[in-house]
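User: I would like to learn how to read a helix and its packing. Please take me through one case.

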Amino acid sequence: DAIAVGLDAPYSVEYHDRLPSTNDRARELAVEGASDVLVVAGEQTGGRGRLDRAWASPPGGVYASLLCRPDRPPAHAPIFTLAAAVAVTRACREAGVDAVIKWPNDVLLAGDERKLAGILTEMEGEADRISWLIVGIGANVDVAAADLPETATSVREAGGTADRRRFCQRMVEEFHALDPEDVLPAWRDHAVTLGRAVRVDTPGGVVEGEAVDVRFPGALVVQTDDGERVVHAGDCEHLRPA
Ligand code: BT5
């Protein structure tokens with residue numbers, strides 16, 4: 001389980017009032033050979049989710065991409081997504097909002113499960129080593145519900161302290177400070193998916209059952225009628241309210 005999530009070097013920060021996408025900017029920096037850079041934008045005009053979905057990125061949100069080069073095999077990349085989800089959840093809680101994690105990359109408001117934040121991890125790998133890794137985080141902090149999709153909410157709407165700068169700092173500190181051994185235990189602690197009936201849309205088909213655990217480097221273990229399935233990637237839907 002042991003992996004290095006934190007970075008040895010301090011991050012440098014590149015701030016832009018507006019960018020198409022902080023992940024795209026981080027990728028440019030990666031291609032130029034940079035590392036340990038945090039790209040932050042005040043708003044995005046082409047924010048991206050997974051699978052070519054759009055990420056609404058109005059002013060007031062936190063849009064940040066961390067570029068690093070961890071000495072890990074490419075297959076370990078998902079653990080960084082889980083670590084980021086823990087860090088964002090802790091930043092939300094510190095802002096006074098009861099946030100929970102839905103596998104693999106959603107941070108939701110406990111109760112109505114509207115989405116507070118999402119994570120997009122992108123990577124380039126050589127045979128046995130990650131060449132660069134970009135962890136992109138979008139969090140609705142000081143944003144009005146009217147500027148977000150119906151399934152979304154924000155720290156502000158949830159009654160929390162909507163301080164963007166502080167939120168971003170907390171989130172990065174939590175990510176950095178997270179002990180590699182603690183990623184999965186912390187994730188389990190904050191997760192709302194475990195114990196729930198789920199339907200996961202995976203590249204290999206739909207898997208339905210009860211989510212029973214998460215396994216290194218980030219797979220969901222689902223108990224189905226035909227036994228246990230280990231799902232490495234996909235879109236997860238909670239079938240019943242908590
Ligand atoms: C994600 O995708 O949740 C990953 C989002 C990552 C965004 C960050 S912002 C900084 C960095 N730069 C980028 O360009 N991207 C990253 P996914 O699981 O595919 O969820 C996308 C879905 O969430 C959309 O189809 C909408 O339904 C919903 N959505 C869109 N914008 C949202 C928002 N601001 N808040 C909550 N939900 C949103």
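**Reading helix α2**

Analyst: Helix α2 (residues 77–94) has 18 residues and spans 26 Å from its first C-alpha to its last, close to the 26 Å expected at 1.5 Å a residue. The expected span is 1.5 Å times one less than the number of residues. Helices (H or I, at least four residues) are DSSP runs, numbered from the N terminus. This is a predicted model: local features need pLDDT of at least 70, side-chain atom pairs count only at pLDDT 80 or more, and totals for chains, interfaces and linings use all residues. Residues are numbered from 1 along each chain as its sequence is written.

User: How many residues of α2 are buried?

Analyst: A residue is buried if 20 or more other C-beta atoms, placed from the backbone, lie within 10 Å of its own, exposed if 12 or fewer, and partly exposed in between. In α2, 14 of the 18 residues are buried, so the helix is largely enclosed by the rest of the structure.

User: At what angle do the axes of α2 and helix α4 cross?

Analyst: Two packed helices are described by the angle between their axes and the distance between the axes. Axes are lines fitted to C-alpha atoms over the stretch in contact, with angles from 0 to 180 degrees between N-to-C directions. For α2 and α4 (residues 183–190), the axes come within 9 Å and cross at roughly 50°. The two helices are therefore oblique to each other; angles under 35 degrees count as roughly parallel, over 145 as roughly antiparallel, 65 to 115 as roughly perpendicular and the rest as oblique.

User: What follows α2?

Analyst: G96 follows α2, and its phi is positive, near 90°.
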